[in-house]
Amino acid sequence: MYLYHFLLKNHKIHYYLMVVDHKNQLLLHFLEKYDEFVSNLTLIDDEEMRFEYIIDVGKSSNKLEFPEDKKIDENLMHGCMSKVWIFDQVKDGRHYFTGFSDAIIVAGLVVMMTRSFSGLTSEELNRLDENHVRKLNLGALTTQRQVGMLAMLAHFQKLGRKSVDNTIF
């Protein structure tokens with residue numbers, strides 16, 4: 001079971017993902033980067049400016065964040081028109097994603113998605129749905145890019161399930 005809440009604090013909306021695990025302990029993860037992207041995109045009411053913001057996010061990403069040796073078929077994401085590589089590094093049961101695309105707008109979307117959903121457990125990743133992508137307020141994107149973002153979320157979830165499967169003996 002999971003609950004998705006927001007809290008208004010200092011005139012900013014903060015999003016929280018709360019998951020109740022099988023022991024009924026409440027797990028709380030603050031989606032800080034997601035919150036930042038949602039807030040910034042909510043403030044921008046011009047569609048062209050949203051695209052400029054997405055491009056700037058992509059440009060701000062250090063190209064060295066994604067090493068050339070990680071651009072392999074195993075890390076290539078399917079479901080996107082552009083080539084997108086996603087690498088998942090698991091530390092203490094949490095997934096940390098890095099990604100890369102040569103396409104300028106897609107590069108920004110990849111940065112937004114990888115930074116937004118890094119640090120989640122496999123269980124938390126599986127609780128995310130298309131509403132988390134919709135809340136980014138990217139209605140101006142083409143249908144293909146919206147489908148690509150949903151495919152990226154599904155890819156994160158697949159990587160999360162894969163890491164769980166690999167730990168079962």
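**Strands, helices and salt bridges**

Tutor: Let's start in the sheet: in β5, Phe97 is the residue that Asp88 stands opposite. The model is predicted, so local features need pLDDT of at least 70 and side-chain atom pairs pLDDT 80 or more, while totals for chains, interfaces and linings use all residues. Residues are numbered from 1 along each chain as its sequence is written, and side-chain values use heavy atoms, with hydrogens and water left out.

Student: What makes β4 and β5 a pair of strands?

Tutor: Strands are DSSP runs of E with at least two residues, helices are runs of H or I with at least four, and both are numbered from the N terminus. Two strands pair if DSSP finds at least two bridges between them. β4 and β5 run antiparallel and are joined by 8 bridges, so they meet that rule. Their hairpin has 2 residues between the strands, and Asp92 takes a positive phi near 50 degrees there.

Student: How do you know that β5 and β6 pair?

Tutor: DSSP must find at least two bridges, and β5 and β6 have 2, in the antiparallel sense, so they qualify. In β6, Thr121 is the residue that Arg94 stands opposite.

Student: Why are β4 and β6 called edge strands?

Tutor: The open sheet has 3 strands in the order β4-β5-β6, with antiparallel pairing. β4 (84-91) and β6 (120-121) each pair on one side only. Helix α3 packs on this sheet and touches β4, β5 and β6, its direction making about 175 degrees with that of β5.

Student: Why is α2 called roughly perpendicular to α3?

Tutor: Axes are lines fitted to C-alpha atoms, for helices over the stretch in contact, and angles run from 0 to 180 degrees between N-to-C directions. The axes of α2 (residues 47-60) and α3 (residues 104-117) cross at roughly 75 degrees and come within 7 Å. That angle makes the two helices roughly perpendicular, because the label covers 65 to 115 degrees (under 35 is roughly parallel, over 145 roughly antiparallel, the rest oblique).

Student: Which residues bring α2 and α3 into contact?

Tutor: Contact means heavy atoms within 4.5 Å. Phe51, Ile54 and Ile55 are among the α2 residues involved, and those of α3 include Ile104, Leu109 and Met112.

Student: What makes Lys33 and Glu36 a salt bridge?

Tutor: The term asks for a side-chain nitrogen of Lys or Arg within 4 Å of a carboxyl oxygen of Asp or Glu. The closest N and O atoms of Lys33 and Glu36 are 3.1 Å apart, so the pair passes. The two are 3 residues apart in helix α1 (residues 32-43), which means about one helical turn separates them. The structure holds 5 salt bridges.

Student: What about the salt bridge of Lys71 and Glu68?

Tutor: There the N to O distance is 2.9 Å. Glu68 is exposed at 59%, whereas Lys71 counts as partly exposed at 23%.

Notes
Buried < 20%, exposed > 50% of the residue type's maximum accessible area, 1.4 Å probe, protein only.
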